[in-house]
Amino acid sequence: MVVALALVFSQAIFFENYLIPIAILLASSLLMLFLRRRVDEVVADERDYALGGKAALWAIQVYSWFAVITMFILYSLRDINPSYEAIGMTLAFSTCILMLTYTLIFRYYSRVKFSDRRLVYTALILVIFVAMFILSLRVFSGEDGWICQDGQWVQHGNPDFPAPGSECK
Amino acid sequence: MTQEGLANRARVRRETIVFLEQGKYNPSLQLAHDVALTLGSTIDEVFIFED
């Protein structure tokens, strides 16, 4: 099934059709849920969930450190390639969203009752981060930048940073 | 009773029973109760806790 999914995704990307992978992914997830319910054997028990929780915590920490360090490195190199800034912002916001998601799910499972005000603040912070993420994609998407034409850097739109220092080939 | 039989009755994977027997995993109270019940014994008799 994984091989079939990989084939579908690769072909969809080749033909630049990105709706098919989303539809196939949703359908395959539903199929997995349906098939899993028909299995009588125990697929995962308390030990798996305990180990999974530890693994998830470590994965979040490792990814967060990697993303933050990489973000700063990319920011420092943005003069070489303007797209580095967009990649850095993506890493930063993905880390924030991951941590917020983890916090919300952790609170849900610990059954801590939110006061109305804390729930509103949490939801508001989440919305702000999602909005900033979308805005950063729009601002740093490279629409306003420098493109290489005939061996020269030419403005595309209205970039607010100087032309890249690397040679235009 | 085999490890697999005990695992099926306690609704856990066989690997978990293996780790329990080797003392490498501390079960939850629910699992300890289920295992003891399956073996027709009590938690105190099945599980020995060493300080």
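Trainee: Where does B:Arg11 lie in chain B?

Mentor: This is a predicted model, and in it B:Arg11 sits in the loop between α1 and α2 of chain B.

Trainee: What is phi of B:Arg11 near?

Mentor: Phi of B:Arg11 is near 60°, which is a positive value in a residue other than glycine. Most residues other than glycine have a negative phi.

Trainee: And is B:Arg11 partly exposed or buried?

Mentor: B:Arg11 counts as partly exposed, because 14 other C-beta atoms lie within 10 Å, whereas a buried residue needs 20 or more.

Trainee: What about B:Arg9, where is that found?

Mentor: B:Arg9 belongs to helix α1 of chain B, and it is partly exposed because it has 14 C-beta neighbours inside 10 Å. Along the chain B:Arg9 and B:Asp34 are 25 residues apart, while their C-alpha atoms are separated by 8.2 Å.

Trainee: Which residues is B:Ala10 in contact with, leaving aside its neighbours within four places in sequence?

Mentor: With those neighbours left aside, B:Ala10 is in contact with B:Leu31, B:Asp34, B:Val35 and B:Thr38.

Trainee: Which are the buried residues of α2(B)?

Mentor: In α2(B) the buried residues are B:Thr16, B:Ile17 and B:Leu20. They cover an arc of only 100° around the axis, so they are on the same side of α2(B). What covers these buried residues includes α3 (46-76) of chain A, together with α1 of chain B. Just after α2(B) comes B:Gly23, with a positive phi of about 75°.

Trainee: How many residues of chain B are in contact with chain A?

Mentor: Eight residues of chain B are in contact with four residues of chain A. On the chain B side, these are by class four nonpolar, two polar and two charged residues.

Trainee: Tell me about α3(A) then; how many residues does it have, and how far does it reach?

Mentor: The helix α3(A) has 31 residues and reaches 45 Å from its first C-alpha to its last, which is close to the 45 Å expected at 1.5 Å a residue.

Trainee: What is the count of buried residues among its 31 residues in α3(A)?

Mentor: The count is three, and α3(A) is hardly covered. The buried residues are A:Arg47, A:Met71 and A:Leu74, and what covers them includes α4 (83-110) of chain A together with α2 of chain B.

Trainee: Stepping back, what does the secondary structure come to in each chain?

Mentor: Chain A comes to five helices and two strands, in the pattern α-α-α-α-α-β-β along the sequence. Chain B has four helices and zero strands, and from the N terminus on its elements run α-α-α-α. Buried residues make up 8% of the 169 residues in chain A, and 20% of the 51 residues in chain B.

Trainee: In which sense do the strands of chain A pair?

Mentor: Strand β1 (residues 145-149) and strand β2 (residues 152-156) of chain A pair in the antiparallel sense over five bridges. One of the residues involved is A:Cys148, whose bridge partner in β2(A) is A:Trp153. The two strands form a hairpin with two residues between them, and A:Asp150 in the turn has a positive phi of about 55°.

Trainee: Why is A:Pro164 partly exposed?

Mentor: A:Pro164 is partly exposed because 16 other C-beta atoms lie within 10 Å.

Notes: Residues numbered from 1 in each chain as written. Chains lettered and ligands numbered in written order. Predicted model: local features only at pLDDT ≥ 70, side-chain atom pairs only at ≥ 80, totals over all residues. Contact = placed C-beta atoms within 7 Å. Nonpolar A, V, L, I, M, F, W, Y, C, P; charged D, E, K, R; others polar. Pairing = 2+ DSSP bridges. Buried ≥ 20, exposed ≤ 12 C-beta atoms within 10 Å, placed from the backbone. Arc of directions from axis to C-beta. Expected span 1.5 Å × (residues − 1).
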